[in-house]
Amino acid sequence: MNLFRYVTRRIVLIVPVLFGVSILTFFLSRVVPGDPARLAAGPQGTQATYDQIRAEFGLDDPLLVQYWHYFTGLLTGDWGNSILSRRPVFNDLTTYWPATLELVLVAMTIATTVGIPLGVIAAVRADRLADQAARVISLLGVSMPAFWLAVLLQLLFGLKLDWLPVSGRLPTLVPPPPDLTGLFLLDSLLAGEWSTFGEALRHIILPALTLSFASLATIARFTRASLLEVLHNDYVRTARAKGLIERRVIVGHALRNAFIPTLTMIGLSFGWSMGGSVLVETVYDWPGIGLYATKSALTLDFMPIMGIALLYGLVFSLINLTVDVMYGFLDPRVSHG
Amino acid sequence: MTVSRELSTLVNAGLNGQHDRRCLLKLAGAAAVASGIAIQMPGVARRTSAQAENNVFIYGSGQDMSNLDPHTGNDYSILWGQRATYDSLLRYQGDPLTVHPLLASEVIGSDDATVWTINLDPAATFQDGSSVNGEAVKWNFERLIAKNLGVAWMFSAIMTADSVAVVDPQTIEITLAAPFAPFDLILPYLFIANPTLVMENEVDGDMGEGWLLSNTAGGGPYTMSRYEPGSLYQFDRNPDYWFETPNNSNPVDTFVWRIIRESSTKRIALEAGDVQYTDTLSVEDAEGLSADERFVVNDRGGFSPFSIKLNNQVGPTSDINVRKALAALFDYDAALGAVSDRGERLIGPLPAALEDWANPDLEVINFDVEAAKAYLAESEYPDGFDLEYVYVTGLAMEEAFGLILLEKAAELGINVTITPLVWPDMVARASSAETMPGAMAVFASANYYDPDNYLWPQYHSTQVGGWAAASWYQNPDFDALIEQGRSLVDPTERKAIYDQAQQMLVDDQVEIWVYTEIANDAWVAELGDNYFEIIGGSDIRNITYTQA
């Protein structure tokens with residue numbers, strides 16, 4: 001019950017956070033130089049066209065009036081329209097966000113399922129060959145630019161070996177599965193479209209591998225460092241003295257206690273991956289929100305920028321909440337009261 | 001079969017909340033097995049992918065086409081989609097591009113280029129089978145002008161909604177507010193939508209604008225079967241299309257516009273057979289593909305001239321001798337070298353590809369530092385000045401041109417500051433002479449094969465404030481000249497007028513005309529050598545592609 005109250009309270013607290021984000025992004029977007037209405041008017045756009053666009057998007061109203069319209073729109077699901085594409089921002093977010101979410105989820109799955117064991121092996125065999133190998137992998141992960149790794153993987157697995165597709169979420173002429181969540185892997189499974197699932201899986205492997213590499217390296221290093229700190233503690237020695245098998249000692253006792261910093265890092269990596277997905281999305285032609293955000297920022301398209309900031313604010317808040325809740329499961333001393 | 005049943009059971013168990021550690025382990029194992037199978041079966045993708053299908057044409061482009069509304073959306077990618085799904089009154093074809101009948105069987109201009117009579121083809125229909133008549137065309141003119149977006153600027157400067165009169169169901173007459181000789185050349189940009197269908201989907205008086213973002217209501221040769229913004233757009237051939245395109249008895253069955261943003265990915269996709277055409281490659285990728293006989297890389301000069309706009313109204317660049325000094329300081333060969341010679345020197349304001357109109361005999365200023373010194377000595381700034389050069393953030397070539405200018409300018413005491421800006425900021429800076437920097441890098445856009453398309457928007461006094469007219473050139477004599485050019489129908493008389501206009505701009509050294517880019521487009525050899533059409537993208541109805 002404590003946990004339920006805690007989660008409810010945290011969710012309620014997200015509302016003022018998002019309110020703050022909306023105020024901040026709204027007013028920042030209005031004070032930066034540049035005028036997307038002139039861009040939207042086109043190269044030969046007349047003053048009349050320009051005035052018409054400003055009036056249509058309410059840009060001539062006082063700032064507080066503009067914000068009031070924006071805020072009330074948010075509450076009713078109207079997040080405004082892009083001044084350039086004229087498409088509703090909310091529709092765009094629901095189109096692009098699932099692609100990024102799917103990519104990040106798969107990438108983080110790879111990063112954690114490979115990174116944590118790698119860190120454990122490195123810690124258990126500290127300063128031996130396995131540790132050195134893990135260190136090299138980690139160094140490569142944090143130092144290799146994602147776009148470079150992406151092109152290498154494309155050339156090797158796409159062009160040379162012809163094993164995996166180099167871009168897109170599905171083959172060009174394969175239609176997406178019925179849209180339930182926007183996550184092609186999940187939607188195709190739910191619809192029983194196994195061939196589409198296979199194709200979606202093949203298409204996501206390279207971009208997810210690329211995106212996961214930096215997080216994998218960081219998680220491995222954090223796991224190693226945290227585990228090394230606890231491996232010489234008394235309770236680990238006690239566990240061994242009790243005759244527990246080594247795997248149980250490491251996973252059941254040492255790792256569980258050493259996992260909180262790693263969990264924090266996983267949460268942060270999740271956020272970084274969302275923000276950093278733009279390069280991977282660009283190279284792999286992945287129609288995610290990173291590209292949408294970049295394009296909107298470069299054209300100062302206010303409404304999408306504000307919508308993306310709100311969405312990211314919400315997602316980061318939820319990630320933090322999830323991580324905080326998981327602390328309690330890992331360490332009963334952490335209270336959710 | 002067993003595997004799929006097991007997976008199904010696991011998924012159902014997961015959805016019903018009946019999960020334990022063993023269940024999760026099974027799922028993870030199944031996922032791993034599926035991953036392995038997926039990697040091991042490239043043949044599956046081949047059978048379902050486009051490249052194995054005959055007569056499927058896939059265009060890999062970095063640009064989206066998210067607004068297909070015929071009256072509010074316009075850029076080269078949107079044009080591809082609009083031409084596939086809508087008919088226009090006339091269409092472009094040939095080399096050089098000329099207009100040909102489509103919905104209009106005949107377009108007749110009066111001697112003073114003011115009254116235009118358009119006879120419609122009685123066989124023309126929309127995709128729902130209804131007839132394209134004069135009332136429908138009139139409604140489209142009215143909607144375009146009412147929306148005042150997209151290509152409306154081409155029409156709204158010379159006509160109003162009241163300019164169109166329906167003479168009979170197959171004839172309309174347009175009386176322009178001012179003479180406009182190239183009127184027939186802009187008609188391919190007015191795409192005719194089905195008024196009945198559009199108005200059935202009107203919401204809050206928007207004339208169907210919201211609906212037309214993602215739906216089509218035309219009579220074109222293709223219907224849109226997939227609309228996936230940021231990813232791809234698929235168009236399937238309309239079997240009941242009324243018009244038979246000359247010289248193409250085997251048009252493509254399926255046309256796909258696929259968004260691929262990164263140059264290296266486009267190249268790999270072309271090499272892997274995933275696309276048949278791709279554009280905006282990097283110079284390195286274009287050069288790499290040109291060595292492979294399976295592909296053709298465009299080698300024709302383009303229609304989008306690049307120039308360094310100089311502020312003719314405010315600051316040192318308002319001095320004609322300063323402008324001439326800057327033109328003489330600019331190393332044009334170095335600039336072409338910076339783009340690996342994938343460009344042609346621009347002689348004056350018109351690109352060489354506009355061969356019927358460009359004057360190659362113009363005496364322009366060439367790179368000559370001594371001449372630059374002489375011009376500067378005659379100016380009000382003999383000891384130099386500060387000059388801000390503004391370019392689009394991230395465009396390396398524009399930055400390189402700034403550095404080329406900077407290097408030589410320093411020798412004359414001209415202190416060049418190079419400022420990258422995002423495009424909206426540049427547009428805002430160009431909107432007034434006071435905020436316009438001394439120099440600004442600008443690629444002009446091209447729409448129709450006529451000198452008016454270049455000279456009016458960039459140099460006519462009424463156009464200042466827009467980025468195309470960033471030089472803020474205001475010369476009543478020049479205005480009068482190109483206004484006369486609009487009112488003449490005879491090509492020979494017009495040629496003389498526009499030669500004179502080009503010379504006037506060169507004499508005033510309005511800006512530094514640098515080069516026209518050779519577009520870094522590449523395509524599969526099966527499409528032929530002369531596939532590339534340069535103004536506003538090509539027309540899918542002219543394309544035949546069948547994989548060997």
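A residue counts as buried if 20 or more other C-beta atoms lie within 10 Å of its own. By that criterion, 51% of the 548 residues of chain B are buried. The structure described here is a predicted model.

**Chain B as a whole**
- The secondary structure of chain B consists of 19 helices and 21 strands.
- Of the contacts in chain B between residues at least 6 apart in sequence, 70% link residues at least 24 apart.

**A sheet in chain B**
- Four strands of chain B form an open sheet in the order β5-β6-β8-β7, and their pairing is antiparallel.
- B:Val115 has B:Thr175, in β8(B), as its bridge partner.
- Helix α5 (residues 134–147) of chain B packs on the sheet and touches β6, β7 and β8 of chain B. The direction of this helix makes about 175° with that of β7(B).

**The contact between chains A and B**
- Chain B contributes 53 residues to the contact, and chain A contributes 51 residues.
- Several elements of chain B each supply at least two residues of the side that touches chain A, among them α1 (2–15), α2 (21–40) and β12 (254–259).
- The residues on that side of chain B comprise 28 nonpolar, 17 polar and 8 charged.

**Two packed helices in chain A**
- Two packed helices are described by the angle between their axes and the distance between the axes.
- In chain A, helix α7 (residues 146–160) packs against helix α11 (residues 246–283) at an angle of about 30°, and their axes are 9 Å apart. Because of this angle, α7(A) is roughly parallel to α11(A).
- The crossing of α7(A) and α11(A) is right-handed.
- From α7(A), the residues A:Ala146, A:Phe147, A:Ala150 and A:Val151 meet A:Leu279, A:Val280 and A:Val283 of α11(A). The residues of this contact comprise 7 nonpolar, no polar and no charged.

**A buried residue of chain A**
- A:Leu103 is located in helix α5 (residues 89–124) of chain A.
- A:Leu103 counts as buried because it has 28 C-beta neighbours inside 10 Å.
- Leaving aside neighbours within four places in sequence, A:Leu103 is in contact with residues including A:Ile204, A:Leu211 and A:Trp286.

Conventions. Residues numbered from 1 in each chain as written. Chains lettered and ligands numbered in written order. Predicted model: local features only at pLDDT ≥ 70, side-chain atom pairs only at ≥ 80, totals over all residues. Contact = placed C-beta atoms within 7 Å. Nonpolar A, V, L, I, M, F, W, Y, C, P; charged D, E, K, R; others polar. Buried ≥ 20, exposed ≤ 12 C-beta atoms within 10 Å, placed from the backbone. Axes fitted to C-alpha atoms, helices over the stretch in contact; angles between N-to-C directions. Parallel < 35°, antiparallel > 145°, perpendicular 65-115°, else oblique. Left-handed = near helix turned anticlockwise from the far one by under 90°. Pairing = 2+ DSSP bridges.
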